[in-house]
Amino acid sequence: MAVVTGGGSGIGRAIARKFADHGAAIRVVDVNLEDAEATCQQITSTGGNASAHRCDVTDQQQVKAFFQQIFERERLSILVNNAGVSHIGTVESTTEEDFDRVVRVNVKGLYHCMQACVGHMKAKGGGVILNMASIAGSAGLPDRFAYSMSKGAVIAMTYSVARDYLSDNIRCNCISPARVHTPFVDGYLRKTYPGREPEMFEKLSKAQPIGRMAEPDEVASLALFLCSDEAAFITGSDYPLDGGFFNLRG
Ligand code: NAD
């Protein structure tokens with residue numbers, strides 16, 4: 001069984017669907033229950049096994065309670081920490097409130113979920129954890145002060161957990177996508193460039209050397225591989241899915 005956080009939208013929904021298509025039972029966790037249910041509906045309507053759960057990953061007690069009731073019934077083999085929020089701003093324009101919100105979701109949310117799960121995975125002989133980072137975690141992008149900080153922390157936590165649980169047969173990796181066309185991006189364009197969405201969509205697409213954004217399903221394909229036994233030798237890695245962003249600019 002696999003848990004996907006933030007599975008009610010975008011990349012998380014694509015991962016939940018892809019894993020279900022390959023036979024996994026999926027527990028879709030999201031702060032927005034309606035969206036989680038919509039993901040599950042898509043899975044169950046084609047014969048898959050999925051259930052939706054409202055859980056705010058920023059709340060440690062909620063996270064503990066959610067996983068406890070899951071562990072009473074079934075074995076968790078895969079945890080995908082995908083829930084995340086974005087923020088635009090420099091160090092000067094980022095308020096303390098915004099900074100704390102990004103930390104609570106993107107950093108503490110992962111800590112809460114991984115802390116709740118590793119004991120269970122150890123006791124059951126192992127497991128796989130996959131975290132959603134971003135190219136912003138290791139490249140200097142403009143106006144991404146808090147977001148970059150949070151994704152840098154995701155990469156560091158990934159390495160730390162991978163190291164500490166090597167002998168417990170728990171693999172831990174992360175994916176660092178460049179822009180992926182999801183509601184995350186559409187919302188950003190609506191808010192930041194009202195009336196100029198198509199023009200800015202084009203501009204953001206061209207920011208990837210490959211000339212377009214990734215599709216959520218492309219992230220899901222890499223996630224499926226990294227969580228499968230085919231990737232048994234891979235742990236402590238940050239996988240770019242970047243359309244050439246890191247190596248092919250200029
Ligand atoms: P999205 O906004 O479409 O989906 C995020 C989901 O997380 C939503 O369903 C939301 O309800 C859920 N969520 C937010 N806060 C939560 C909380 N406190 N508890 C539980 N669920 C919560 O975003 P997306 O584009 O699919 O992004 C998914 C992940 O991929 C994020 O971590 C994001 O930082 C990362 N990412 C996205 C892009 C991109 O271009 N879209 C690029 C790199 C990395």
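How many residues of strand S2 are buried? The strand is mostly covered, with 5 of its 5 residues buried, where buried denotes under 20% relative accessible area, exposed over 50% and partly exposed the range in between, for a 1.4 Å probe and protein chains only.

## Basis of the model

The model is predicted, so local features require pLDDT of at least 70 and side-chain atom pairs count only at pLDDT 80 or more, whereas totals for chains, interfaces and linings use all residues. Residues are numbered from 1 along each chain as its sequence is written, and side-chain values rest on heavy atoms, with hydrogens and water left out.

Helices (H or I, at least four residues) and strands (E, at least two) are DSSP runs numbered from the N terminus.

## The sheet

An open sheet of 7 strands with parallel pairing runs in the order S3-S2-S1-S4-S5-S6-S7; two strands pair if DSSP finds at least two bridges between them. Strand S3 (50–54) and strand S7 (238–241) form the edges and have a single partner strand each, so one side of each lacks a neighbour in the sheet. On average, neighbouring strands are turned by 20° against each other, direction ignored.

In S2, Ile26, Val28 and Asp30 point one way, while Arg27 and Val29 point the other way, and all are buried. S1 and S2 pair in the parallel sense over 4 bridges, and Thr5 has Val29 of S2 as its bridge partner. Elsewhere in the sheet, strand S5 (residues 127–132) is joined to S6 by 6 bridges, and the two run parallel. Met132 stands opposite Ile175 in S6.

## Helices on the sheet

Helix H3 lies across strand S1 (2–5), strand S2 (26–30), S3 and strand S4 (78–81), and runs at about 155° to S3. Helix H4 also packs on the sheet, where it touches S1, S4, S5 and S6; its direction makes about 175° with that of S4. For these angles, axes are lines fitted to C-alpha atoms, for helices over the stretch in contact, and values run from 0 to 180 degrees between N-to-C directions. Contact means heavy atoms within 4.5 Å.

## Nonpolar cores

A nonpolar core is a set of buried Ala, Val, Leu, Ile, Met, Phe, Trp, Tyr and Cys residues joined through side-chain atoms within 4.5 Å. The largest has 34 residues, and those with the most contacts inside it are Val3, Phe67, Leu76, Leu79 and Ile129. Helix H3 (60–73), helix H4 (96–123), helix H5 (145–164) and strand S6 (170–177) each supply at least two of its residues. H4 gives the most, with 9 residues. A second, separate core of 31 residues includes Ala2, Ile11, Ile43 and Val80. In soluble globular proteins, nonpolar side chains tend to be buried together.

With neighbours within four places in sequence set aside, the contacts of Ile129 are Leu79, Asn81, Met114, Val118, Met121, Val161, Ile170, Arg171, Cys172 and Asn173.

## Cavity and pocket

On a 1 Å grid over the protein atoms alone, a cavity is a set of points where a 1.4 Å probe fits but cannot get out; a pocket is an open set with protein on both sides within 12 Å along at least five of seven lines, and lining residues have an atom within 4 Å of a point. Grid points are joined across faces, edges and corners, and a volume is the space filled by probe spheres set on the points.

There is 1 cavity of 30 Å³ or more, and the largest cavity has a volume of about 30 Å³. Its lining consists of Thr5, Val57, Asn81, Asn82, Ala83, Val105, Gly109, Leu110 and Cys113, with the largest share, 4 residues, coming from H4. The second largest pocket has a volume of about 250 Å³. Of the 15 residues lining that pocket, Gly127, Val128, Asn169, Arg171 and Asp229 lie nearest its centre, and S5 and S6 each supply at least two lining residues.

## Loop residues

Most residues other than glycine have a negative phi. Asp143, in the loop between S5 and H5, has a positive phi near 60°. Its relative accessible area is 38%, so Asp143 is partly exposed. Asn169, in the loop between H5 and S6, has a positive phi of about 65° and is not a glycine.

Ser138 is found in the loop between S5 and H5 and is partly exposed, with a relative accessible area of 49%. Ser138 and Gly152 are 14 residues apart in sequence and 6.2 Å apart in space, C-alpha to C-alpha. Leaving aside neighbours within four places in sequence, Ser138 is in contact with Ile155, Asp238 and Phe246.
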